[in-house]
Amino acid sequence: SLRVNLDMGKAAYGWMIMKDDNIPGTVVRTSTIPEELGRLVYLLTDKTGTLTQNEMIFKRLHLGTVSYGTDTMDEIQSHIINSYSQVHTQNSGNSMSSTPSRKPQSSAPKVRKSVSSRIHEAVKAIALCHNVTPVYESRAGVSGETEYAEVDQDFSDENRTYQASSPDEVALVQWTESVGLTLVNRDLTSMQLKTPGGHILTYYILQIFPFTSESKRMGIIVRDESSGEITFYMKGADVAMSTIVQYNDWLEEECGNMAREGLRTLVVAKKSLTEEQYQDFESRYNQAKLSIHDRNLKVAAVVESLEREMELLCLTGVEDQLQADVRPTLEMLRNAGIKIWMLTGDKLETATCIAKSSHLVSRTQDIHIFRPVATRGEAHLELNAFRRKHDCALVISGDSLEVCLKYYEHEFVELACQCPAVVCCRCSPTQKAHIVKLLQHHTGKRTCAIGDGGNDVSMIQAADCGIGIEGKEGKQASLAADFSITQFKHIGRLLMVHGRNSYKRSAALGQFVMHRGLIISTMQAVFSSVFYFASVPLYQGFLMVGYATIYTMFPVFSLVLDQDVKPEMALLYPELYKDLTKGRSLSFKTFLIWVLISIYQGGILMYGALLLFESEFVHVVAISFTALILTELLMVALTIRTWHWLMVVAEFLSLGCYVASLAFLNEYFGDFHATVSHYLFSLFVSADVAFITTVTFLWKVSAITVVSCLPLYILKYLKRKFSPPSYSKLTS
């Protein structure tokens, strides 16, 4: 009965969550743990796409000596227009030669390039080095229109959209389109760019090296159709690219400056290859791909042979804006006593900037930035420095975290758990899952992980409760999670309202079902002990089945509609959530109280029936069972905190079913007199309506019921008077 009721209750909670108009699009993918939402202590969140919108906007282009922001993009556009107009003027003037005007500059590296040519090279690199595909959707809905457009090279379509695995890449390609160099077509072997003058440039894709979380960079080798030049372009994170590009004195500083503004940085570089160099590389690369042992290592080694002394072209800065209502949601969670850890793959400065702007770390709070450590001694010194600080947020990189956990796991976790907020940057997916398991192991508290991409799946599955956001990165996280939401702000209502209600309702429902079973067991024990421990069942067949189903099922199950505070109040006072994490609603103490209540009521009902009905002993089953049903209905009323109209309907429906079944059972089971047990059963079913409607029967049943329930009502009143729960102070 307990298992069935709880499973039905969990299904009801899931249905209520999905039907909540305030959190549209929420999907409950598991029906086993809705109560966990009401007992969370640690929330581990990703940054990109979870706290932020994952809608990238190009903000900054830095060439080393000159920087362009949103207000100076028109300068870049004019440089590009001029640059390509010169190229095509020269090409039209000399029809035999297809060499562009910038060729002499690239062949004479000692001559310092002009700003215009550097912008030209940078924009071209950004327009070529990516995995983006332009898609043309037919406006009129004609299926053949897309093919027609591509065949006719009609690339002026306004309904062009870009598709890519990363929103960063789409933002970069959209920016190159805005300054005049447009990606118009791409297939497996080539891509075509349209210049500001409307000319089409074709580039053949010779090799492509996709982005991985280990390499943190992607590369592409292309051949210009007009000049036959082979160029290797590469873009990636500054940590990966700083060792690949030629020596410079500005990259690290400018990366830091952009990161402090909250921008995501990408370093773009290139390397010109001769035909011989490329042929040599291709043969070695193909050989490595055919090797049977250590193929990945050999392929990586061949690619790395190209990644040397590359020419640094530019540094790009892309902004990812915060989602709506992230700040109030994080503040609400913090007030609810939930400790928030942000685990991200971004740079330390970017992560710190987002943590401040999202109010994950309050403006007045100190931040301890954990210095990079590589040895045990350095980790020890840094931990000591951190130990001396109180109530400050911690910012640590993945590498330093790895060293600390290797040598000082217990000490580090103990200190980090005392922090109001923790930011781990440059985290790999494996590290994210490892941190979740560490918190579970060292604190024993319940954890929740929330993310939006495939790199968050391991973290979501490791946590006690996983929440996935359906975002720009697909549905991997959403499908792997226990709960799927559409925006981060929905987590506030999911935890404060639905988490609270699910936990409180399951606690009440579970304990009441146990009470329902214990009370009838106590009555059976008392009955058997009075009759010299004879193995005679007190209630037979249909009565036992009916007791747990039609007579008490509806009122007891209606506890899933109960709520101690209104949703608005739970959201207004998130501090109420702190009480739930203490686990006081369902503990050994509350369980033992319900056991004592069951023993007291079972004893009173049985002894009362035996004492008061000594002269009409043949009716003892009918009397005790009637009192039992009334007691159960009154106990449900005692347990309920907020009445719902369905609860009232359930109470009267059960009472009506019982009264109606008295006459029904009398007629249906009246002929069973064969054995002692059947005889006792027939005492109940043959209780004629005349006896049941007598004043004596009614007042004595009422007296037994009052004695079993009234003391509990008085105790509940006194408890609420002298030791009221925190929520009652708000609702009164």
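## What you're looking at

This is a predicted model, where local features need pLDDT of at least 70, side-chain atom pairs count only at pLDDT 80 or more, and totals for chains, interfaces and linings use all residues. Residues are numbered from 1 along each chain as its sequence is written, and side-chain values use heavy atoms, with hydrogens and water left out.

## Aromatic pairs around F625

Searching the whole structure turns up 15 aromatic pairs (Phe, Tyr or Trp rings, taking the six-membered ring of Trp, with centres within 6.5 Å; planes under 30 degrees apart are stacked, over 60 edge-to-face, the rest tilted). One of them is Y539 with F625, edge-to-face at 4.9 Å centre to centre and 70° between the planes. That pair links distant parts of the chain: Y539 sits in the loop between helix 19 (490–530) and helix 20 (541–548), F625 in helix 25 (residues 620–639), 86 residues apart. Helices here are DSSP runs of H or I, at least four residues, numbered from the N terminus.

F625 also pairs edge-to-face with Y547, at 6.3 Å centre to centre and 65° between the planes. Y547 belongs to helix 20, and 78 residues separate it from F625 in helix 25. Y547 and F625 are both buried.

## An aromatic cluster

Elsewhere, F209, F232, Y278, F281 and Y285 make up one aromatic cluster.

## L710 in helix 29

L710 lies in helix 29. It counts as partly exposed because its relative accessibility is 45%.

Definitions and conventions. Helices (H or I, at least four residues) and strands (E, at least two) are DSSP runs, numbered from the N terminus. Buried means under 20% relative accessible area, exposed over 50%, partly exposed in between (1.4 Å probe, protein chains only).
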